[in-house]
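This report describes a single protein chain, from its overall make-up down to individual side chains. Please read it alongside the sequence and the coordinates shown here.

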Amino acid sequence: MFQDELLNRVAKNAPVTVMARGMLENILSPAKLDDIFQHHVRTQRQRTILFSFLVELMLLVACKIRPSVHAAYKAWHEKLPFTVDAVYDKIACIEIPVSEALLSKTAETMIQVLREIKPPEPELIPGYRLRIVDGNKIAATDRRLKVLREQNAAPLPDFALVVFEPPWNLITHTILCRDGHAQERSLFPQLVKLAHPGDY
């Protein structure tokens, strides 16, 4: 009862903030994130460390609330039944299909929300669903993994194709590749699977 009264007061004074928080809590709910993991994982298992926890941890870093995974872990470590090494090991083992699905499934939900808020922007080419594809080398980091600290050679960055949909101003898909030497053309067979009649 007290929470309802508090929420109503906050909603009255800052409705956009409450709406944004409610939307994020729905789209990035632990149940939905763990469901994505279960439906797209191949060999990795969820035990003590849930996929939803890793996503939440990485969001803190991606949004620059915490400077690193280790810093985010330290803020919570007294309540966690596992070590930071276990967290890094779990992150390193996240499979590519899971990461790709995390983006595409959350984008699907975002588009459903956006449809209720505003109509999409007009297509740049009338009659076609235009999507923009770009390749990106995933930048290396100065924070080396423990197993690479004794190596002189720098770790090779990975490669990704990202698909951007202008009407929604969203990146809706990504195709990830562990081969840093890969070119866009080598990933086209996977990209073609995303195409539908009327796409351009």
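## Terms and basis

Burial is expressed through relative accessible area, computed with a 1.4 Å probe and protein chains only: a residue is buried under 20%, exposed over 50%, and partly exposed in between. The model is a predicted one, in which local features need pLDDT of at least 70 and side-chain atom pairs count only at pLDDT 80 or more, whereas totals for chains, interfaces and linings use all residues. Residues are numbered from 1 along each chain as its sequence is written, and side-chain values use heavy atoms, with hydrogens and water left out.

## Overall make-up

Of the 200 residues in the chain, 30% count as buried. The accessible surface, from the Shrake-Rupley method with a 1.4 Å probe, comes to about 14300 Å², and 58% of that area belongs to carbon and sulfur atoms. Where contact means heavy atoms within 4.5 Å, residues 24 or more positions apart account for 59% of the contacts in the chain with a separation of 6 or more.

## Helix α4 and its surroundings

Two packed helices are described by the angle between their axes and the distance between the axes. For helix α4 (residues 51–62) and helix α6 (residues 84–92), the axes come within 11 Å and cross at roughly 100°. That makes α4 roughly perpendicular to α6, given that angles under 35 degrees count as roughly parallel, over 145 as roughly antiparallel, 65 to 115 as roughly perpendicular and the rest as oblique. Axes here are lines fitted to C-alpha atoms, for helices over the stretch in contact, with angles running from 0 to 180 degrees between N-to-C directions.

On the α4 side the contact involves F53, L54, L57 and M58, which meet V87, K90 and I91 in α6. These residues divide into six nonpolar, no polar and one charged, with Ala, Val, Leu, Ile, Met, Phe, Trp, Tyr, Cys and Pro counted as nonpolar, Asp, Glu, Lys and Arg as charged, and the others, Gly among them, as polar. S52 also belongs to helix α4 and counts as buried at 7% relative accessibility; leaving aside neighbours within four places in sequence, S52 is in contact with P30, L33, D34 and Q46.

## Salt bridges

How many salt bridges does a search of the whole structure find? The search finds two, a salt bridge being a side-chain nitrogen of Lys or Arg within 4 Å of a carboxyl oxygen of Asp or Glu. One joins the side chains of E108 and K105 at 3.9 Å, N to O, and both residues lie in helix α7 (residues 96–117), three residues apart, or about one turn of the helix. E108 is partly exposed at 42% relative accessible area, as is K105 at 32%.

The side chains of R129 and E165 form a salt bridge at 2.7 Å, N to O. This pair links distant parts of the chain, 36 residues apart, with R129 in the loop between α7 and β1 (132–137) and E165 in strand β2 (residues 159–165). R129 is partly exposed at 28%, whereas E165 is buried at 4%.

## Backbone exceptions

Most residues other than glycine have a negative phi. K64, although not a glycine, has a positive phi of about 60°; K64 lies in the loop between α4 and α5 (69–76) and is exposed at 75% relative accessibility. N169, also not a glycine, has a positive phi of about 55°; N169 sits in the loop between β2 and β3 (170–177) and is exposed at 60%.

Notes. Helices (H or I, at least four residues) and strands (E, at least two) are DSSP runs, numbered from the N terminus.
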